[in-house]
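Biologist: I'd like to learn how to read a few features off a model. Could you walk me through them, one at a time?

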Amino acid sequence: MSYAVRAPSVLVAALILLAALWVPTPAVAADEPTASFGEDVITVTRGDVVEIRVQHSQPGTLHIGGDGYGYHLTVALVGSGTTTLTIDTYNSTGAPETYVSGGGNKTLHTGHLSEPIEPATYMMNVTIDGVERAIGQLDVTERGNTSATTNVAPASLNDSDSSVSPGDVRGVMTERTTVAKGDLAVVRLNESGLESALNPDDVTGGANARGIEITLNQLEVRPNREQQTFLATPENGTTVVTDFENDEVFVVWDTSELPLEGDTEEYELQVTLRGDHSDFVDEDTITARSRVRLVEPTVSIEVRNETVYPWESLRVNVTGETTLAPNSVVELRARAPGQPFLKLVPMTVTANRTVSQNLTFAPDDRGLTFPLWVRDYRDETEHTMRILDSEANLRFVDQETDGTFVTISRVNLSVGGFVAVETADEEPLGTSAYLPPGTHQNVVVEFDRRQLVDAELLAIAYADRDRDGNFSVAVDAPYRTATDGNGTDGNATADDNETVGTIVADDAMVRLEPGAKTPTPTATPTATPTEATAETTTETPFPVVERTPLEPAAAGTNTGIPFSPGLTVVALVLTGLAARRLRR
């Protein structure tokens, strides 16, 4: 038999064998139902609310637990899409409709629970037409003890007409156990499983409060007294603010009405579960504690430069300490009696319970004396501010001396200082002793060297800038007129080497007379700062005396002694030099 004849037979045999070995694979129906859980494993603390999401393409049934768990709940899944259910694990002792929301019919196939669902791992599955289409797991964990920390917040937190939010509390509270009476003690509870049990409007431990009781207990029991305990109620100044999303509860306690005996009063906030009304415990259990130390509200301030001298900056630095809560705002007040002058400046308490503020006064405020204090704390904080003005004048008259001294007839210095005497060509001769603020008569200036000839001398008023009572030409500077004609403060420093305004000085002809004697100096000093009070003083503490020009002498005479023609010429020349000196 030829191969040509046999080939078709072999091909047919191979095809028959292949057909015998081939088994068709059944096709999946395009409309087969599907289901899945949003999360395969879901965890919830016993007592909290849990959310379960189920995706399903057709109606079905959600099963939680089973006979072997002592708890078997089924919930009908209606239609298709996503069904979201919430289960309140604390209120799970009633009918399913009372603690399960979402889905269709709810059926409990086991007996009703006598207490909240027990901590355990419960299987979950979804069936459609009796066929299991998805499985999951619900872990109910044991609740832990509630922890507590004490914080403080300013009383202004309660000033808003709207309810206080968790964000409002967090924004201003500071962790600290010491609370000034009148501020807010804020106890933050890190709650565990209290989400459903806690009723923010009632934490008095009764049935409506589900056994949760929050109290503030006085720790020190004084002789013949009973311990005082305050329930966290609105009548006692308490607001309970919840943030269950972050498992936090804030007990905000206004301490204004709490007793404070002595400098401090120790309290303890307690969270107690009352066994007769709580489904969590069989007997009373304290689940959280936190201390509150109540103290008196105090504020103290210091003014670094409460006396501002004419040559100093008009910027005043105020610092202080307080027991008030951080973020509290106090008002710094300054008022000049009898003057249209009032400053109201807020100061915010820092985290370290300090306050600080810089006040800037205007040049027109020079010469004012006024009280500075913190509102509501005047007795503890009042300071007397003195913004001193530079006022000076002197009268230096023609006279006779023995060449070792001269006498300045009258000197008025608003902030004290010296009188220096020099020649017309600026050679120093001597300086007076320190002159306190006020008016002085017959001020003697002794010369460092004898003046040997008759001469026109110049007396210049100097301020004691370093306030050490000793004259220093390098530090102390001449008094100057209040303005330079352009409204510029005559005592303001233009730079390190220049000043504005005209130097306060006077000149006189001094003649030698060997028998001349020094007169007795007298002084009329201004009242010291302690002698004047801010409440009664309405004027600058230093007398402001207008400079009186020298009275012209009779022609050709000075105290009855005639000038020679030559001396008159010399005097005119020296007077011109002195005038140029005054314009320095």
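Biologist: Let's start with charges and rings: over which ring does the charged end of Arg 143 sit?

Modeller: First, what we're looking at: this is a predicted model, where local features need pLDDT of at least 70, side-chain atom pairs count only at pLDDT 80 or more, and totals for chains, interfaces and linings use all residues. Residues are numbered from 1 along each chain as its sequence is written, and side-chain values use heavy atoms, with hydrogens and water left out. A charge sits over a ring if NZ of Lys or CZ of Arg is within 6 Å of the ring centre and within 35 degrees of the ring normal. Here the ring under Arg 143 belongs to Phe 280, with the charged end 4.7 Å from its centre. Arg 378 does likewise over the face of Trp 373, at 3.8 Å from the ring centre.

Biologist: And two rings together: how many aromatic pairs are there?

Modeller: A ring pair is described by the distance of the centres and the angle of the planes. Rings of Phe, Tyr and Trp (its six-membered ring) pair if their centres lie within 6.5 Å; planes under 30 degrees apart are stacked, over 60 edge-to-face, and the rest tilted. This structure holds eleven such pairs. Take Phe 418 and Phe 471: their centres are 5.5 Å apart and the planes stand at 75°, so they count as edge-to-face. That pair links distant parts of the chain, 53 residues apart, with Phe 418 in strand S32 (residues 417–423) and Phe 471 in the loop between strand S35 (455–463) and strand S36 (477–478). Strands are DSSP runs (E, at least two residues), numbered from the N terminus. Both rings belong to one aromatic cluster, along with Tyr 434 and Tyr 462.

Biologist: Is Phe 418 buried or exposed?

Modeller: Buried means under 20% relative accessible area, exposed over 50%, partly exposed in between (1.4 Å probe, protein chains only). Phe 418 has 1% relative accessibility, so it is buried. Phe 471, at 28%, counts as partly exposed.

Biologist: Now sheets. In what order do the strands of the open sheet with S17 come?

Modeller: Strands of a sheet pair through backbone hydrogen bonds, either parallel or antiparallel. Two strands pair if DSSP finds at least two bridges between them. The five strands here run S12-S11-S14-S18-S17, with antiparallel pairing. Strand S12 (174–175) and strand S17 (238–243) each have a single partner strand, so one side of each has no neighbour in the sheet. Six bridges join S17 to strand S18 (residues 248–254), and Val 240 has Val 251 as its bridge partner in S18.

Biologist: Last one, the backbone: what is phi of Asp 247 near?

Modeller: Most residues other than glycine have a negative phi. Asp 247 has a positive one, near 55°. Asp 247 lies in the loop between S17 and S18 and is partly exposed, with a relative accessible area of 35%. Asn 327 also has a positive phi, about 80°, although it is not a glycine. Asn 327 lies in the loop between strand S23 (315–322) and strand S24 (329–335).

Technical notes
Helix = DSSP H or I, 4+ residues; strand = E, 2+ residues; numbered from the N terminus.
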